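I opened this notebook to record a few look-ups of charged pairs and of residue surroundings. The entries follow in the order in which I made them.

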Amino acid sequence: MDAAAQNEGQEPLVGGPIAASAALEGSAEISEARDMARDFLTSVQAEHGLPVSARAMGMVQLVVSELVTNARKYAPGPCLLRLEISEGSVQITVWDSDTTLPSVRAADAERVGQHGLEIVMAVSQSFCVHREPVGKRITASVVLADDPGVDVVGRQAR
């Protein structure tokens with residue numbers, strides 16, 4: 001994913017949603033997906049004046065990393081990442097070509113790894129999975145300004 005492809009998917013607030021999207025193909029692009037999420041939220045703060053808490057910034061990057069990692073690990077071909085601001089939250093959507101729906105595994109203190117879905121569900125305001133004609137679409141939502149007692153970066157909406 002290059003910067004031009006990342007910015008190409010961004011849509012302005014006027015006349016449409018604040019959103020960005022990118023197609024991801026290699027495992028190295030997992031870190032680029034996290035960078036895209038951070039850059040997107042920084043833009044949301046600077047250009048649109050929406051507050052984003054430090055916690056939300058970290059949680060969005062975590063959710064992006066977990067969802068893209070799973071898509072790259074289990075689905076053949078590319079995946080698509082879309083970030084969109086909606087009603088004070090960021091919707092993180094990942095499409096991939098695998099038709100197998102993810103499931104949360106039973107708690108097991110001895111299990112090493114494979115806790116990504118549990119983590120995503122724990123830090124997200126909402127989480128849903130939809131089967132698509134080709135593959136599936138997973139969407140998680142993270143509140144932008146969820147630390148009421150902590151300063152947030154960005155201008156408050158007027």
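**Entry 1: terms and source.** I took buried to mean under 20% relative accessible area, exposed to mean over 50%, and partly exposed to cover the range in between, with a 1.4 Å probe and protein chains only. The model is predicted, so I noted that local features need pLDDT of at least 70 and that side-chain atom pairs count only at pLDDT 80 or more, while totals for chains, interfaces and linings use all residues. Residues are numbered from 1 along each chain as its sequence is written, and side-chain values use heavy atoms, with hydrogens and water left out.

**Entry 2: Phe40.** I looked up Phe40 and placed it in helix α2 (residues 29-48); helices (H or I, at least four residues) and strands (E, at least two) are DSSP runs, numbered from the N terminus. With a relative accessible area of 2%, Phe40 is buried.

**Entry 3: Val64.** I found Val64 in helix α3 (residues 54-74). Val64 counts as buried because its relative accessible area is 0%. Which residues is Val64 in contact with, leaving aside its neighbours within four places in sequence? Taking contact as heavy atoms within 4.5 Å, I listed Ala33, Arg34, Ala37, Leu81, Leu83 and Ile92. I also noted a C-alpha separation of 8.5 Å between Val64 and Thr93, which are 29 residues apart along the chain.

**Entry 4: salt bridges.** I then asked how many salt bridges a search of the whole structure finds. The criterion is a side-chain nitrogen of Lys or Arg within 4 Å of a carboxyl oxygen of Asp or Glu. The search returned five.

**Entry 5: Asp96 and Lys136.** In this salt bridge the closest N and O atoms are 2.9 Å apart. The pair links distant parts of the chain, with Asp96 in strand β3 (residues 89-96) and Lys136 in strand β5 (residues 136-143), 40 residues apart. I recorded both Asp96 and Lys136 as buried.

**Entry 6: Arg82 and Glu84.** I read 3.3 Å between the closest N and O atoms of this salt bridge. Arg82 is buried at 18% relative accessibility, whereas Glu84, at 25%, is partly exposed.

**Entry 7: Arg137 and Glu132.** The closest N and O atoms of this salt bridge are 2.7 Å apart. Arg137 is partly exposed, with a relative accessible area of 24%, and Glu132 is partly exposed at 22%.
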